[in-house]
Amino acid sequence: NYYVVNNVLEDFVSKENQHIEILDLEEYGKSLFIDNEIQVSESDEQLYSSTMVDSSARLHSVNKNVAVIGGGDGGVVRECLERGTGHVDWFELDPEVVNVCEKHLSGIGNKGKDSNLVTSYWGNAFESIKKVEDDSYDKIYVDLNDDDECINLAINSMDNLKRILKP
(Lines give C-alpha, C1' and ligand atoms only; values in the text may rest on other atoms or scores of the structure.)
Protein backbone atom coordinates (compact mmCIF):
# COMPACT_ATOMS: atom_id res chain seq x y z
CA ASN A 1 0.00 0.00 0.00
CA TYR A 2 1.05 3.56 -0.66
CA TYR A 3 0.11 6.61 1.36
CA VAL A 4 0.66 10.34 0.97
CA VAL A 5 2.47 11.38 4.16
CA ASN A 6 1.95 14.98 5.25
CA ASN A 7 4.14 14.72 8.33
CA VAL A 8 6.18 12.17 10.31
CA LEU A 9 5.28 12.73 13.97
CA GLU A 10 7.15 9.75 15.47
CA ASP A 11 9.59 7.22 14.06
CA PHE A 12 11.51 4.97 16.47
CA VAL A 13 12.16 1.39 17.53
CA SER A 14 10.69 0.53 20.94
CA LYS A 15 12.38 -1.47 23.68
CA GLU A 16 10.18 -4.38 22.52
CA ASN A 17 11.89 -4.06 19.11
CA GLN A 18 8.82 -2.78 17.30
CA HIS A 19 9.26 -0.07 14.66
CA ILE A 20 6.67 2.50 15.72
CA GLU A 21 5.59 5.38 13.52
CA ILE A 22 2.89 7.99 13.83
CA LEU A 23 2.31 9.44 10.39
CA ASP A 24 -0.11 12.18 9.38
CA LEU A 25 -1.59 10.74 6.20
CA GLU A 26 -3.38 12.79 3.55
CA GLU A 27 -6.32 10.37 3.32
CA TYR A 28 -6.61 9.01 6.89
CA GLY A 29 -5.18 11.63 9.26
CA LYS A 30 -2.87 10.62 12.09
CA SER A 31 -2.13 6.91 11.89
CA LEU A 32 -0.18 4.33 13.86
CA PHE A 33 2.17 2.04 11.98
CA ILE A 34 3.97 -0.88 13.62
CA ASP A 35 6.70 -2.60 11.63
CA ASN A 36 5.63 -0.68 8.51
CA GLU A 37 2.00 -1.87 8.69
CA ILE A 38 -0.88 0.48 9.41
CA GLN A 39 -2.66 -0.43 12.63
CA VAL A 40 -5.14 2.36 13.18
CA SER A 41 -6.02 5.77 11.82
CA GLU A 42 -8.05 8.66 13.18
CA SER A 43 -10.51 8.51 10.30
CA ASP A 44 -11.79 4.97 10.73
CA GLU A 45 -10.83 3.77 14.21
CA GLN A 46 -14.31 4.39 15.64
CA LEU A 47 -15.85 2.03 13.10
CA TYR A 48 -13.29 -0.70 13.80
CA SER A 49 -13.40 -0.61 17.61
CA SER A 50 -17.13 -0.09 17.96
CA THR A 51 -17.87 -2.92 15.54
CA MET A 52 -15.66 -5.30 17.51
CA VAL A 53 -17.32 -4.46 20.83
CA ASP A 54 -20.89 -4.11 19.50
CA SER A 55 -20.79 -7.46 17.71
CA SER A 56 -19.88 -9.23 20.95
CA ALA A 57 -22.74 -7.49 22.78
CA ARG A 58 -25.20 -9.07 20.36
CA LEU A 59 -23.79 -12.50 21.20
CA HIS A 60 -23.54 -12.12 24.98
CA SER A 61 -24.82 -9.21 27.06
CA VAL A 62 -22.81 -9.81 30.25
CA ASN A 63 -19.63 -7.75 30.45
CA LYS A 64 -18.67 -7.49 34.11
CA ASN A 65 -15.11 -8.65 33.55
CA VAL A 66 -13.42 -8.31 30.17
CA ALA A 67 -9.91 -8.93 28.83
CA VAL A 68 -8.38 -6.98 25.95
CA ILE A 69 -5.30 -8.54 24.41
CA GLY A 70 -3.33 -6.01 22.40
CA GLY A 71 -5.08 -2.92 21.14
CA GLY A 72 -2.33 -0.50 22.11
CA ASP A 73 -4.24 2.42 20.62
CA GLY A 74 -6.84 1.98 23.39
CA GLY A 75 -9.91 2.04 21.14
CA VAL A 76 -11.34 -1.31 22.22
CA VAL A 77 -10.74 -0.47 25.89
CA ARG A 78 -12.54 2.86 25.36
CA GLU A 79 -15.49 1.13 23.71
CA CYS A 80 -15.75 -1.37 26.58
CA LEU A 81 -15.79 1.41 29.16
CA GLU A 82 -18.36 3.42 27.20
CA ARG A 83 -20.65 0.37 27.20
CA GLY A 84 -20.52 -0.07 30.96
CA THR A 85 -17.98 -2.86 31.33
CA GLY A 86 -17.37 -3.50 35.01
CA HIS A 87 -13.64 -4.11 34.74
CA VAL A 88 -11.11 -4.44 31.92
CA ASP A 89 -7.82 -6.32 32.18
CA TRP A 90 -5.68 -4.92 29.37
CA PHE A 91 -2.79 -7.14 28.24
CA GLU A 92 -0.43 -5.12 26.05
CA LEU A 93 3.08 -5.99 24.95
CA ASP A 94 4.51 -2.54 24.48
CA PRO A 95 3.85 0.45 26.76
CA GLU A 96 5.61 2.66 24.20
CA VAL A 97 2.78 1.99 21.72
CA VAL A 98 0.20 3.06 24.31
CA ASN A 99 2.22 6.14 25.25
CA VAL A 100 2.74 7.31 21.65
CA CYS A 101 -0.95 6.79 20.93
CA GLU A 102 -1.91 8.79 24.02
CA LYS A 103 0.40 11.55 22.80
CA HIS A 104 -0.76 11.75 19.17
CA LEU A 105 -4.05 9.82 18.97
CA SER A 106 -5.49 10.68 22.38
CA GLY A 107 -9.06 10.73 21.13
CA ILE A 108 -8.90 7.03 20.34
CA GLY A 109 -7.93 5.67 23.75
CA ASN A 110 -9.38 8.58 25.69
CA LYS A 111 -6.94 7.84 28.53
CA GLY A 112 -8.58 4.44 29.14
CA LYS A 113 -5.49 3.03 30.80
CA ASP A 114 -5.84 5.65 33.53
CA SER A 115 -9.37 4.54 34.43
CA ASN A 116 -9.80 2.86 37.80
CA LEU A 117 -11.81 0.23 35.89
CA VAL A 118 -8.74 -0.83 33.87
CA THR A 119 -5.77 -2.91 35.03
CA SER A 120 -2.85 -2.93 32.59
CA TYR A 121 -0.51 -5.91 32.26
CA TRP A 122 2.66 -5.27 30.26
CA GLY A 123 4.55 -7.94 28.35
CA ASN A 124 3.65 -11.00 26.32
CA ALA A 125 -0.10 -11.35 26.80
CA PHE A 126 -0.13 -15.04 25.99
CA GLU A 127 2.41 -15.71 28.72
CA SER A 128 0.52 -13.48 31.16
CA ILE A 129 -2.83 -15.22 30.66
CA LYS A 130 -1.28 -18.54 31.68
CA LYS A 131 -1.46 -17.17 35.26
CA VAL A 132 -5.12 -16.12 35.01
CA GLU A 133 -7.67 -18.26 36.85
CA ASP A 134 -10.08 -20.41 34.86
CA ASP A 135 -13.44 -18.85 33.88
CA SER A 136 -12.32 -15.28 34.67
CA TYR A 137 -13.76 -13.27 31.76
CA ASP A 138 -17.16 -12.69 30.24
CA LYS A 139 -15.48 -11.57 27.01
CA ILE A 140 -11.99 -11.54 25.53
CA TYR A 141 -11.07 -9.17 22.72
CA VAL A 142 -7.95 -10.06 20.74
CA ASP A 143 -6.79 -6.91 18.92
CA LEU A 144 -3.38 -7.73 17.46
CA ASN A 145 -1.42 -6.96 14.33
CA ASP A 146 -2.72 -8.79 11.28
CA ASP A 147 0.60 -10.48 10.55
CA ASP A 148 1.27 -14.22 10.53
CA GLU A 149 3.24 -14.09 13.78
CA CYS A 150 0.38 -12.56 15.78
CA ILE A 151 -2.22 -14.77 14.15
CA ASN A 152 -0.16 -17.86 15.02
CA LEU A 153 0.32 -16.65 18.60
CA ALA A 154 -3.43 -16.36 19.02
CA ILE A 155 -4.08 -19.74 17.39
CA ASN A 156 -1.47 -21.44 19.56
CA SER A 157 -2.98 -19.84 22.67
CA MET A 158 -6.59 -20.77 21.92
CA ASP A 159 -6.77 -23.39 24.69
CA ASN A 160 -5.66 -20.82 27.26
CA LEU A 161 -8.07 -18.24 25.89
CA LYS A 162 -10.95 -20.72 26.15
CA ARG A 163 -9.81 -21.72 29.66
CA ILE A 164 -10.03 -18.17 31.03
CA LEU A 165 -13.33 -17.40 29.29
CA LYS A 166 -16.47 -18.10 31.31
CA PRO A 167 -18.72 -20.79 29.82
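Guide: The helix pair in its chain

The secondary structure of the protein chain comprises seven helices and eight strands, where helices (H or I, at least four residues) and strands (E, at least two) are DSSP runs numbered from the N terminus. This is a predicted model, in which local features need pLDDT of at least 70 and side-chain atom pairs count only at pLDDT 80 or more, while totals for chains, interfaces and linings use all residues. Residues are numbered from 1 along each chain as its sequence is written, and side-chain values use heavy atoms, with hydrogens and water left out.

Helix α1 (residues 45-59) packs on helix α2 (residues 75-82) at an angle of about 55°, their axes being 9 Å apart. Axes are lines fitted to C-alpha atoms, for helices over the stretch in contact, and angles run from 0 to 180 degrees between N-to-C directions. α1 and α2 are therefore oblique to each other; angles under 35 degrees count as roughly parallel, over 145 as roughly antiparallel, 65 to 115 as roughly perpendicular and the rest as oblique.

On the α1 side, the contact (heavy atoms within 4.5 Å) is made by E45, Q46, S49, S50, M52 and V53, and on the α2 side by G75, V76, R78, E79 and C80. These residues divide into four nonpolar, four polar and three charged. Here Ala, Val, Leu, Ile, Met, Phe, Trp, Tyr, Cys and Pro count as nonpolar, Asp, Glu, Lys and Arg as charged, and the others, Gly among them, as polar.

Residues 24 or more positions apart account for 61% of the contacts with a separation of 6 or more.
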